[in-house]
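Thanks, everyone, for making the time this morning. I would like to go through one chain as a whole, and then settle on a single residue.

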Amino acid sequence: MASVLVLGETADGGLTALSAELIGAAFRLSGDLDGGVSCALIGSGTADAAPAAVAAGADTVYVVDDSALAQYQTETFVPVAAQIVEQDAPQVVLMGQTSIGRDAAPRLATRLDTAAAMDAVELSVDGGRVRVTRPCFGGNARQVVTIATAPQVVTVRAKSQDPLEPDPTRTGAVTQVAVDLVSPRATVTAKEEAQSEGVPLNAADIVIAGGRGLGAPEAFHDLEELAQIMGAAVGASRAACDLGWYPPSQQVGLTGTVVSPTLYLAIAISGASQHMAGCGGSKNIVAINKDVDANIFGFCRFGVVEDYKKVLPALTDAIRRLLAVR
Amino acid sequence: MDAVVCVKQILDPEMPASAFKVDETTMTVVPPPGVQPVISPFDAQALEAALQLRDAAGAGAISVLSLGPDSARDAIKHGLAMGADEGYHLNDPAFEGGDAWTTALALSKAIEKIGRPDVLLFGRQAADWDLGQTGSIVAELLDLPSVTVLRSVQWNDGRITASRVVSDGFETVDVSTPCVLTISNEFGDPRYPQLRQIMQAAKKQVTIWGPADLGLDPGAVGAAGARTKMEAFFVPEHEAQCEFVEGDSPEEMAQNLAQKLRQAKII
Ligand SMILES: Cc1cc2nc3c(=O)[nH]c(=O)nc-3n(C[C@H](O)[C@H](O)[C@H](O)COP(=O)(O)OP(=O)(O)OC[C@H]3O[C@@H](n4cnc5c(N)ncnc54)[C@H](O)[C@@H]3O)c2cc1C
Ligand SMILES: Nc1ncnc2c1ncn2[C@@H]1O[C@H](COP(=O)(O)O)[C@@H](O)[C@H]1O
């Protein structure tokens, strides 16, 4: 019996970074709970990721590897997950706050006659219960919640938890689980991949983001030029995406991607709470905005109060020269 | 094509962040002066989706359903003014202090009582507590398929074709009805009610139900029935001290910024 069961995700046959973070969090929580850490890998080609889950800290790995699970579907996933939770009987179930986690967690919790807490950014244990700290009110506030029923289902935000140092010498039990698959009433008939040239947003160490104050979609080319020099990803505010200036897949914020790079360079973005909800965890925020009272400066390490059109070309030149002499 | 759209009235999420204050002892938001509550923006988009689906299907009744205090009536009226036909208001002191579970439980009973519609529409999340759970829980309770975080929906002769926003792009999903759909901001702007429609909506009756009307024990809803408990509520500190980079010209400012980023080993 485990104290914490992680419902991990795989991509291209490997364990996702977030799944390793979840196992790290589970390991720390299990110290104050009763039992070890287990991890379920539900999908297609997931068996290959089992050793990585053990190395990341799982004592037990349940593998459900079926080509019919290649495409996530709510109605096939939830009963499989419920079966493993019932078999493993954990006190806590952790999922990532991903397209899968946000969709499945509330249904899974309801099926297990319990409740879920979504989008945790901090986790701790008090009296056998997990205390979940989660942002709310568009990032303006945080609440701490506990779940009175069992198991406690929690989704966790990417990059909010540290993974353990992977240890290939760790040992763990890997079990193949046989499941009956339900045929879903909803099926995915097509998939459109967002054309993301360059560095993916959620993995980037530097993000350069543009907002409505850029004034025109063409300005994003200038951001892309600087991004290429810096090895950065380009993001956008919702206002810029809604105007059609940049693809919605690049939206940063509450309803877009949450990023926490070393450097977040916000150009002509006001810093509304819902935008900061997606980048407030960045290690260094730097803004160029012509309004000294813009909300974003309240989050910044460095700020430039000026028309970005006058600053950006010189900044691009200066950074190009600096990086050339590295 | 009959639809029920679940709408929540919330504090205006577009209010300035500086006006947002909480009372940590009562764990409530301090109502900012002059800021009016609004229908949660994704719920207005869910209403728009329902109206478009009905247009495509040719006919159907659209019901607006909200759980909340007296003021939540305005959110229902907003839906009626946009073009919905019936309003239902779950309003009783017993509903207060609930969580996603108790809200979804009450909504699901009300939806069954209204008469099972073809499509149940929700916002992807209520823009106050940002839970993003209620639609999925209702789907589970009513044993319906759920397709979440949608940028578009189409009526397809009794089925729905939806485009779901996922982290790496979009998925086209085909689903049978009845089903639960949750709408995301990519759906686009909802119509704005005209004055004449607002006046007509003002005259419409809204049905009010309490727990007993839904066959629910008052102890099963609101704070008494909640499965989650709030332990703390606060505004996070962000301790950043912005250093404004100076310079005699914009070019000089840019060069100074690049230098500072390098000195701080950020680049
Ligand atoms: C429920 C909900 C969810 C939301 N989710 C998100 C989300 O996920 N992501 C998101 O980004 N937003 C989100 N929003 C929207 C958010 O509230 C803001 O409306 C949005 O972030 C504003 O984008 P912006 O900063 O680009 O535009 P604006 O607020 O219009 O700011 C433009 C800025 O550019 C500056 N500027 C103008 N011209 C120049 C110039 N020449 N040089 C330099 N600076 C200039 C201005 O001073 C201003 O500060 C959400 C809103 C709601 C209600
Ligand atoms: N009190 C409520 N009354 C009616 N609908 C609600 C209520 N709370 C939530 N909803 C619906 O459920 C969606 C998701 O809400 P939540 O799970 O609270 O984020 C909202 O966008 C609404 O469509």
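This is a predicted model: local features need pLDDT of at least 70, side-chain atom pairs count only at pLDDT 80 or more; totals for chains, interfaces and linings use all residues.

As to overall form, a compact globule of 326 residues would have a radius of gyration near 20 Å, and the 21 Å of chain A agrees with that. The C-alpha atoms fill a box of roughly 60 × 40 × 40 Å along the principal axes, and 57% of the residues count as buried. If we take contacts between residues at least 6 apart in sequence, 62% of them join residues at least 24 apart. The accessible surface comes to about 12600 Å², with 48% of it belonging to carbon and sulfur atoms, while the mean positions of the 23 positive and 35 negative charges lie 7 Å apart.

Now to the residue itself, A:Leu214, which sits in the loop between β14 (206-210) and α5 (219-230). Is A:Leu214 buried or exposed? Its relative accessible area is 2%, and because anything under 20% counts as buried, A:Leu214 is buried. Setting aside neighbours within four places in sequence, A:Leu214 is in contact with A:Ala219, A:Phe220 and A:Leu223, and also with A:Trp245, A:Ile267, A:Ala268 and A:Tyr308. By contrast, A:Val153, 61 residues away along the chain, has its C-alpha atom 42 Å from that of A:Leu214.

Terms used. Residues are numbered from 1 along each chain as its sequence is written. Chains are lettered from A and ligands numbered from 1 in the order in which they are written. Side-chain values use heavy atoms; hydrogens and water are left out. The radius of gyration is taken over C-alpha atoms; the globule rule is 2.2 Å times the number of residues to the power 0.38. Buried means under 20% relative accessible area, exposed over 50%, partly exposed in between (1.4 Å probe, protein chains only). Contact means heavy atoms within 4.5 Å. Accessible areas come from the Shrake-Rupley method with a 1.4 Å probe; for residues, only the protein chains shown count as cover. Lys and Arg count as positive and Asp and Glu as negative; His and the chain ends are not counted. The place of a charge is taken as NZ of Lys, CZ of Arg, CG of Asp or CD of Glu. Helices (H or I, at least four residues) and strands (E, at least two) are DSSP runs, numbered from the N terminus.
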